Amino acid sequence: MSVFSRLRNGIPPSRDDCQSPYERLSQRMLDISGDRGVLKDIIREGTGDTVTPDASVLVKYSGYLEHMDKPFDSNCFRKTPRLMKLGEDITLWGMELGLLSMRRGELARFLFKPAYAYGTLGCPPLIPPNATVLFEIELIDFLDSAESDKFCALSAALLLLHRRLAICEERHLVESAVLLVLLNLSFVYLKLDRPAMALRYGEQALLIDKRNAKALFRCGQACLLLTEYERARDFLVRAQKEQPCNHDINNELKKLSSHYRDYVDREREMCHRMFAPCGSRSSVGGN
């Protein structure tokens, strides 16, 4: 269903209604800029705190012009959207104001008047002058300013350390620094709920130190989130062997046991339903 079909379904136009789809939509939207330059309609509520100024955000978005079904701009084709910092990577003032009103997991629709979008000149050849644009934005997650700066610094440090590793004579010192960065990146990606990337960096850390308890623990956490229970158990048991009294590791093993037990119960119930004798199943219209 196109954007304009959805708008029409939301606000059915009357025969004598001469308003445009965006004008009709705007009547039921919340004014978040104070001058009706940025209007918002929540499609799906989010949770937690709103985005903080100077945060970095993970978002999916699509931008539409009025009377056009296909977006003129979208990042939804990307498998993994890149982290964007407010005030630097986001060029539309309206989008920045809109994001500051959003919570994790929220999906919302925004109308941006020209002053909050592409201005009086537009952006030829795609955007005409004085265009009001509609954006659908999903906020996947965000890092506050301190977390964002730490993440960017870690990523840059990792690149520099890898380069230095190739030429440095004191290899073990550089490896220790790389190990710390990899462990921190694995932790950040767990916080971003991206276990595949967390596992990737955790396994890179294990290439440097195969008995590192923290790396084994991070990999176990990531595999648990990926529901790879056997691999999770292997990593966590190895971590426990290195640090038998670590409460976090022991608690994660208990958590794994509970998740795995639930998984086995669901599988057993599904098999029971599939292979139960026909006579034991209730029949429609039976006595």
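A salt bridge is a side-chain nitrogen of Lys or Arg within 4 Å of a carboxyl oxygen of Asp or Glu. By this rule the count comes to ten salt bridges, and Arg28, Asp41, Arg109 and Glu136 are linked in a network of them. The model is predicted: local features need pLDDT of at least 70, side-chain atom pairs count only at pLDDT 80 or more, and totals for chains, interfaces and linings use all residues. Residues are numbered from 1 along each chain as its sequence is written, and side-chain values use heavy atoms, with hydrogens and water left out.

| Pair | Closest N and O atoms |
|---|---|
| Asp41 and Arg28 | 3.1 Å |
| Arg104 and Asp141 | 2.4 Å |

Accessibility is classed as buried (under 20% relative accessible area), exposed (over 50%) or partly exposed (in between), with a 1.4 Å probe and protein chains only. Asp41 is buried at 13%, whereas Arg28 is partly exposed at 38%. Likewise, Asp141 is buried at 6% and Arg104 is partly exposed at 30%. Glu203, at 31%, is partly exposed, as is Arg231, at 34%.

Helices (H or I, at least four residues) are DSSP runs, numbered from the N terminus. Helix H7 (residues 213–225) and helix H8 (residues 229–242) pack at about 160°, with axes 8 Å apart; angles run from 0 to 180 degrees between N-to-C directions, and axes are lines fitted to C-alpha atoms over the stretch in contact. Because angles over 145 degrees count as roughly antiparallel, H7 and H8 are so classed.

Definitions and conventions:
Helix = DSSP H or I, 4+ residues; strand = E, 2+ residues; numbered from the N terminus. Parallel < 35°, antiparallel > 145°, perpendicular 65-115°, else oblique.
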